[in-house]
Structure formats: structure tokens, C-alpha cells
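This report describes one protein model for a reader who has not seen it before. Please look over the sequence and the structure, then read on.

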Amino acid sequence: MSQSTAAGDAVQATMRAVVVTRPGGLDALELKEVPVPVRKAGWVRIRVKAFGINESEVTTRKGESDPEVTYPRVPGIEGVGVVDEADEDSRLRPGQQVATMMGNMGRTYDGSYAQYVSVPAAQVVPFETSLPWDVVGALPEMFQTAYGSLTTGLGLQAGQTLLIRGGTSTVGLSAATLAKDLGATVLSTTRSPNRAGELRAAGVDHPLIDKGALADQVRELMPDGVDAALELVGCSVLADTLRTVRRHGTACFTGALAGQWSINDFTPFMIPVGVRLASYAGEAADLPADVFARQLQAVAEGRLRVPVAKVYHGLEQVRDAQDDVESGTTPGKHVVVLDD
């Protein structure tokens, strides 16, 4: 059994969506009329209100994703909106505010660059907030990755010290605000001295200029090393990041902004004695509804800062949004809001 937004009403047959029909440049993002997704049992159909634009979607558009990604494909690894249809036993009600992210959406099945998206119920996070859609739309993937890295990856505790390498990325900025809210002391990096102010605005205690070798800078501030390090730049600097961590501290590899995901001729002895190396690549379940609710409340109260770079209105502006993300000139999250 299912429940829909307008019980008894016929569901519209088509919707507008941005489709990548074949890998390519920005012109590969085509605005089309496509069938509204038919919801399968155990899945939830969501009317999309907003979604963030992510680097991985640029990669999908270019055809540089894993072979599991097939075309044509509606991209979009995250989105927020309201429940349109769900199983009666799912405890999700029509019209309820929800977020969804990850779980191969926009990769092996169609994602959020559309008026409707259908996803497994397990990757739907319900919430209630009066925050505008452009703010909420920036949060799911960003907060899930940052929160999961700090908790599952690092086990960060109040009073500990955290290094974020790749601090002006959206995940880096989010991790800083979440860590400060937790009660940690935060060191965070940027390659540009002009962007140190962005780190301070996110609550960073010690902005650091990253010139490729960071361990000596960190050890000047924390002679014994930091308790935890979040690696977002990638394997090209991982060995140096590990040298910033104290004995029995942990480094978590979450991202590779510099594009290097592996280390040639890796040996475990590159890890300093007693330092732990973890990784994080989580799913929606790593952002429990009660945690997301607390994060939304903290945003509403001004305790957490949402680094929104720019808001775009309508699917017609998806090309512009991806262009801006790819150029990397405007820091923060790029969010598309569907006004129709």
C-alpha cells in the first residue's frame, strides 16, 4: 500500500529534468520532459524543492565516474523536498519535509536534477524546519560527509584538537563549524592567504597556509601533534598530514580535492608509529534524523554557518551552477532551488 500527496488524484505523467545523454561539456546537460519516476515498493518519491551541486556530478557529466554510471542519466547525489508518495508502513507522510543523499542516486539510478526523484526509504531523512529551501538544500551531502568524518571516521571529542586539510572546501568549512560546536580546537588550511578570513568566519582557531608541507607548522602550534586530522586534499599530501598527528591520534581520509586517490608503492611503514589511519565514505544512515534536526536548529540559531556560495533558480540554471562549481572561483555550496 502507498500514500500519495493527493490521494485519488492522477499523478502527472511527465516532469522536467536535466539529463546527461552522453558524457561531455556543459552542453551535455539537457533540459528535457521525461516520465515522472514510478515508485517501487520500499522507495519514496520526493517532490524536489532544492539540491546542491557537487564535484562528483561534474565528474559524471564528463564521463569520468566509475563504470557503474550509465547514460542517459539524471544527475544529482542529494536533494531536499517533500514526500509525494511512500509506503504506508514507512512512517513518512505526504507533504513531509525530507532530505536524501548518496546511495548511488544520480549514478546508477536517476537523481535530484528533476522535479521528482524516487529513492530507497533507507536514504531518506525526515526533518521539520522553517529555514528556506536554499539554505536546507545546501546541507545534506555536506553535513553528512563532515559529520560522518568527524564521528565515524575520527571519533572527535570535545576538548580535542582537529586539523582540516582542504579547509575552504564545502566539507572543510562544514567540518570546522561542526567541530567548533562540539567543543574542539580547529586548525584548518588554505593554499591562498587571501582566504584565511573564510576560515576564521567558520570558527577556525588557527588558519594555516598550505604550501605542500604542513607538519612543521602544525607542530609549532601543537608540539605533540593534533588529536585528529581530516584529509580532504588527497594522497599527494597524506604522508605529510600523518606527520601532524600525535601518537595514538587518528587521521581520516575522506576526499581527494587534488585528484590523487592512491599512493604508488605504498608501505604501511609510511604511517608514523602509533598513528591511526582511517577512511570515510558514508551514506545517508550516517546522518541520523535527530542529528540533522540539531544541525538545522543550530543553523537557525546562528551557531552553525552554512557556506552558501550562490543560489540558482530553476533547472534552466543548472549549467551555470556546474560551470561555477567547476571553475572553483566562488567558495561554498552552489544550490539550485525549484520555484515551480
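Is Asp87 buried or exposed? Asp87 counts as buried, because its relative accessibility is 15%; buried means under 20% relative accessible area, exposed means over 50%, and partly exposed lies in between, with a 1.4 Å probe and protein chains only.

## Basis of the model

This is a predicted model, in which local features need pLDDT of at least 70 and side-chain atom pairs count only at pLDDT 80 or more, while totals for chains, interfaces and linings use all residues. Residues are numbered from 1 along each chain as its sequence is written, and side-chain values use heavy atoms, with hydrogens and water left out.

The predictor's confidence in each residue is given as pLDDT, from 0 to 100. Its mean over the protein chain is 90, and 96% of the residues reach 70 or more. Over residues 5-10, pLDDT stays under 50. For that stretch the model has 3 contacts beyond four places in sequence, a contact being heavy atoms within 4.5 Å.

## Salt bridges

Side chains of opposite charge can pair when their charged atoms come close. A salt bridge is a side-chain nitrogen of Lys or Arg within 4 Å of a carboxyl oxygen of Asp or Glu. The structure holds 21 of them. In one of these, Arg39 pairs with Asp87, with 2.7 Å between the closest N and O atoms. This pair links distant parts of the chain, 48 residues apart: Arg39 is in the loop between β3 (29-35) and β4 (43-53), and Asp87 is in strand β5 (residues 78-87). Helices (H or I, at least four residues) and strands (E, at least two) are DSSP runs, numbered from the N terminus. Arg39 counts as buried because its relative accessibility is 12%.

Glu326 takes part in two of the salt bridges described here. With Arg61, the closest N and O atoms are 2.8 Å apart. Arg61 lies in helix α1 (residues 55-62) and Glu326 in helix α9 (residues 318-327), so this pair ties together parts that are 265 residues apart in sequence. With Lys62, the N to O distance is 2.7 Å. Lys62 is also in helix α1, 264 residues from Glu326. Arg61 is buried, with a relative accessible area of 2%, whereas Lys62 is partly exposed at 34% and Glu326 is partly exposed at 33%. Elsewhere, salt bridges that share partners join Arg39, Arg45, Asp84, Glu85 and Asp87 into one network.

## A parallel sheet and its helices

In what order do the 6 strands of the open sheet lie? The order is β11-β10-β9-β12-β13-β14, and the pairing is parallel. Two strands pair if DSSP finds at least two bridges between them. At the edges are β11 (206-209) and β14 (276-279), each of which pairs on one side only. Neighbouring strands of the sheet are turned against each other by 20° on average, direction ignored. Strands β12 (residues 226-231) and β13 (residues 245-253) pair over 5 bridges, and Ala229 has Ala251 in β13 as its bridge partner.

Helix α3 (residues 140-153) lies across β9 (161-165), β12, β13 and β14, at about 145° to β13. Helix α7 (residues 235-242) lies across β9, β12, β13 and β14 as well, at about 160° to β13. For these angles, axes are lines fitted to C-alpha atoms, for helices over the stretch in contact, and the angles run from 0 to 180 degrees between N-to-C directions.

## Backbone details

Most residues other than glycine have a negative phi, and most peptide bonds are trans. Tyr71 and Pro72 are joined by a cis peptide bond, with omega about 0°; Pro72 is in the loop between α1 and β5.

Phi is positive at Arg91, near 65°, and at His248, near 75°. Arg91 belongs to the loop between β5 and β6 (97-101) and is exposed, with a relative accessible area of 79%. His248 is in strand β13 and is partly exposed at 48%.

## Cysteines

How many disulfides does a search of the whole structure find? The search finds 0, a disulfide being a pair of cysteine sulfur atoms within 2.5 Å. For Cys235, the nearest cysteine sulfur is that of Cys252, 12 Å away. Cys235 is buried at 11% relative accessibility, and Cys252 is buried at 1%.
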